[in-house]
Amino acid sequence: MEYAEADRADSSNNKVGHAVLRGVDSIHPIRSFLRFAPFLTKPAQADQEARTSAGKPQKANGSVSAMKYRRLGRTELMVSQVGFGTCQLRMTSHQQALDTLRCGFELGVNIVHTAADYGGAIETVAEAIRTAPQPVYVCSNGWGALNSFEAQFEQSLALFGRRDASGKMRLDMFGIASVEDRLVLGDDVWGDQGQVPFLQRKKRQGVLRNIFCTTHGSPSFIADLIRGGAFDAVMFAYNALGHHALSYRTPAGREHEDLAGNGSLFELAAEHDVGVLLMEVLGGGLLCESKAFGDRVRGLVEAPAPAAPKPCASELLTHLLRTRPQAASLLPGTASVAEAQENALAGHQPNENTDHGTPPHLQVALDAMRSTLCTRCGACEPLCSKQLPVSWMFRASDIERTGAMTFETPLGHHYFDLHPESEVAMCSTCDQRTCRCPTDIDIPGQLTKRHAEMMALRRLGLTPGATRSFNPAAAPQWAVQLMTRTVEGGVLRIALRNLGWHGWHRDMTYPQVRVLCRYRSGTVATLELGDDVPAGSVMHCGVALPVDIPADQVSLFLDIRSRDGGRVELEIHEGSE
């Protein structure tokens, strides 16, 4: 394979779904930053305040409220108590992604999490922070063999490094993605030439300030990371529901991620002065309605009204800020200006840093959700008379409801890989209902309802059919399959699978691949790859269409160009190769 294709294939196939086999301008260093954080109170920012105050809440005396900041453990960084996750930005247009980030920065957000495999989000973040009214701390991370890991570090240093007083470029934060997965997949994390020693050397050299990691490990695994002393900050999942859209049944022999159990980690982190960053705070879209991605199944099938309305994002974030003061920053995935405003403004709210418990109306909503949302514990699967992978069916259908994170469903685990594409749900004809749920979910009833929803999405081309088998040895050089296509808010979102033996690359050094959107023989939009796409893998992306172009009449073409002027075009349609 060319261009480190095997290594890219490993990261693409194993990062998704938390490794199912087991995601600049020179500015002042932190000493200078502390002089003007929070930034909105400084006279030098008066013009900026005037330009952005229209979107900010007003206090009773008419003054503009401001973002609140918290200390990120021993890093000594003062970070906004609400930051942004960026993995969903690949599903929006480039301009919407920029507008989303810039809106948050104007409202005081100064910390974001991103990664090199977020479909180009890392470059978008770098572009957005160039005009930010205050320093922005970027938590980027890497994975894989050390040469690949080092390349990811150098990329982040080039994009986000700051010059210190001596003129040396330094990176505020860099970390290891999903440490537990790195160990399962055989990455060298702790060895002499491993990822942790590499980052420690960079700290000693003065090139890196702080080391962090993300993890979906068990509470005991995370506790060991906190006690170990290698990490200045840790990012783990926590929310009011107790699980999230990407939760999955852990393979035998591995401890399960336990969000409720993660509650024991806050005091431990404070004791060791390790900064805490929280992800999945909105449950990956389970806990509230998305303002960037609509509920795609609403109205497609008849369904009873929910037992209780979902809470809004700001209410959930404010609740977490008040009940978990040890968390330095909450990092919800944010993919539209409306979401940026709501999420960031939750960080403007005062909190007394006291646990007042869960408000009654929020508890009612959570109880209603728990009666229908699977935790993916897998306890029911050995009991199923039809031997269905029940927890994975719940997971796939949860993710497909919005389409916001379809890139987190591994090939072979889409809904119609798990259940036949038929009008009748297998659960609806079951006469041996032996399955039981520890939380009393009506499994046959829920899966019958969800199957009707998935069939409705399938008829509209919004969810893929069963995954095709792929043999690169028998594949042509260039081939493409359109897996899904949808348009919302003027943004065309597509999922394309590379069914050729040749990887798709962004760089003209190799044949460069782009996607052309055409209407009446004219190109109306061009979609650049956010990541390289290895053979057999899938790319998920979004592009804005001109407002006067009927989206259903736009044709898609794979545009392949080489340095010598050669060019190949393939028309893309569902099932095409």
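Which residues of α5 are buried? In this predicted model, they are A121, I122, T124, V125, A126, A128 and I129. That's 7 of the 9 residues in α5, so to speak a mostly covered helix. As for what does the covering, the buried residues of α5 pack against α4, β4 (111-115), β5 (137-142) and α6 (146-160).

Now step back to the nonpolar core. The largest one has 90 residues, and helix α5 (residues 121-129) supplies the largest share of it, 6 residues. If you want to find the residues with the most contacts inside this core, look for F105, F153, F160, L199, F231, F236 and L278. Take L199 as an example: leaving aside residues up to four places away in sequence, L199 touches F149, F153, F174, G175, I176, L208 and I211. There's also a second, separate core, with 26 residues, and L482, L527, L558 and I560 are among them.

Back to α4, one of the elements that the buried residues of α5 pack against. Helix α4 (residues 94-106) also packs with helix α12 (residues 337-346), at an angle of about 20° and with the two axes 8 Å apart. Because angles under 35 degrees count as roughly parallel, α4 is roughly parallel to α12. The crossing of this pair is right-handed.

Who meets whom here? On the α4 side you'll find D99, T100, C103 and G104, and they meet V337, A340 and Q341 in α12. Sorted by class, this contact has 3 nonpolar, 3 polar and 1 charged residues.

Note on methods:
Residues are numbered from 1 along each chain as its sequence is written. This is a predicted model: local features need pLDDT of at least 70, side-chain atom pairs count only at pLDDT 80 or more; totals for chains, interfaces and linings use all residues. Side-chain values use heavy atoms; hydrogens and water are left out. Axes are lines fitted to C-alpha atoms, for helices over the stretch in contact, and angles run from 0 to 180 degrees between N-to-C directions. Helices (H or I, at least four residues) and strands (E, at least two) are DSSP runs, numbered from the N terminus. Angles under 35 degrees count as roughly parallel, over 145 as roughly antiparallel, 65 to 115 as roughly perpendicular and the rest as oblique. A crossing is left-handed if the near helix is turned anticlockwise from the far one by less than a right angle, and right-handed if clockwise. Contact means heavy atoms within 4.5 Å. Ala, Val, Leu, Ile, Met, Phe, Trp, Tyr, Cys and Pro count as nonpolar, Asp, Glu, Lys and Arg as charged, and the others, Gly among them, as polar. A nonpolar core is a set of buried Ala, Val, Leu, Ile, Met, Phe, Trp, Tyr and Cys residues joined through side-chain atoms within 4.5 Å. Buried means under 20% relative accessible area, exposed over 50%, partly exposed in between (1.4 Å probe, protein chains only).
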